[in-house]
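Let's take a walk through a protein together, with an eye on its charged side chains. Keep the sequence and the picture at hand as you read.

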Amino acid sequence: MTRVTTADLDRLEFRAVQSGDHADVAVELLGLANSVDADSEVSRAELFVRAGEQWEMAQEFDRASRSYQRAIDDGGITVIDARALQAGALLELDDMDGAAARLEQLRAEGPRNLPTFIHIAETLQAHGDLKGAHAWSTLGVERFRHQDVSPYVHDLLMELLRIRFRIRVDLGFDEDALDRMLD
């Protein structure tokens, strides 16, 4: 069994960026995920997610989707919900029904963190679904705006508000109370 630290993960991802060998790093991350200790600093599910992200950078969206599915099946905690990441990979594969099903599942259960809302809003915006991106960013802001938050979460909330603002402007919607939170 193997223990993986965030420093190990950083080194691997930095190597992928430097070399451009995202597929090789994805394979290495999958190998680590398959051999990681249960008490490792980086969870098995997070390793599957990171492998999926590397597959996406290698333009291997089917492999990315499969890696995200392994993270979903594992059930472990990940920084961004693997279902949101898989929805993005499915959109790249033009599987609109599959992506919509993943997003509907997330909507029904309620994503647990701001990075997931940010990812969904940015992904939908990138794929031209501005109304969907606006709805998700609004949902995320409304869910987290009244919570007593750390400076880190506050920064994420401000990022989501900025994303929402840009989308609202693109849609031609009028300014609202959530936009004024940026002032």
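The paragraphs below go from helix to helix and stop at a few residues on the way.

This is a predicted model, in which local features need pLDDT of at least 70, side-chain atom pairs count only at pLDDT 80 or more, and totals for chains, interfaces and linings use all residues. Residues are numbered from 1 along each chain as its sequence is written, and side-chain values use heavy atoms, with hydrogens and water left out.

Let's begin with helix H1, which covers residues 6-19 and holds Glu-13. Helices here are DSSP runs (H or I, at least four residues), as strands are (E, at least two), and they are numbered from the N terminus. Is Glu-13 buried or exposed? With a relative accessibility of 18%, Glu-13 is buried, because buried means under 20% relative accessible area, while exposed means over 50% and partly exposed is in between (1.4 Å probe, protein chains only). Leaving out residues up to four places away in sequence, Glu-13 touches Arg-50, Glu-53 and Gln-54; contact means heavy atoms within 4.5 Å. Asp-170 is another matter: its C-alpha atom is 34 Å from that of Glu-13, and the two are 157 residues apart along the chain.

Now for some charged pairs. A salt bridge is a side-chain nitrogen of Lys or Arg within 4 Å of a carboxyl oxygen of Asp or Glu, and the whole structure has 15 of them. One joins Arg-11 to Asp-8, with 2.4 Å between the closest N and O atoms. These two residues are three apart in helix H1, so about one helical turn separates Arg-11 and Asp-8. Arg-11 is exposed, at 54% relative accessible area, whereas Asp-8 is partly exposed at 24%.

Which residue does Arg-15 pair with in a salt bridge? The partner is Glu-28, and the closest N and O atoms are 2.6 Å apart. This pair links distant parts of the chain, with Arg-15 in helix H1 and Glu-28 in helix H2, 13 residues apart. Arg-15 is partly exposed, with a relative accessible area of 35%, and Glu-28 is partly exposed at 35% relative accessibility.

Moving on to helix H3, look for Glu-46 and Arg-50, which are four residues apart and therefore separated by about one helical turn. Their side chains meet in a salt bridge of 2.7 Å, N to O. Both Glu-46 and Arg-50 are buried. Through shared partners, salt bridges join Glu-13, Glu-46, Arg-50 and Glu-53 into one network.

The loops deserve a look too. Between helix H2 (22-35) and helix H3 (44-57) is a loop that holds Ala-38, which is exposed with a relative accessible area of 87%. Ala-38 is 14 residues from Asp-24 in sequence and 24 Å from it in space, C-alpha to C-alpha. In the loop between helix H4 (61-74) and H5 you will find Asp-81, which counts as buried at 15% relative accessibility. Apart from neighbours within four places in sequence, Asp-81 is in contact with Leu-106 and Thr-116.

One more loop, between helix H5 (82-92) and helix H6 (96-109), contains Asp-95. Asp-95 is partly exposed, with a relative accessible area of 32%.
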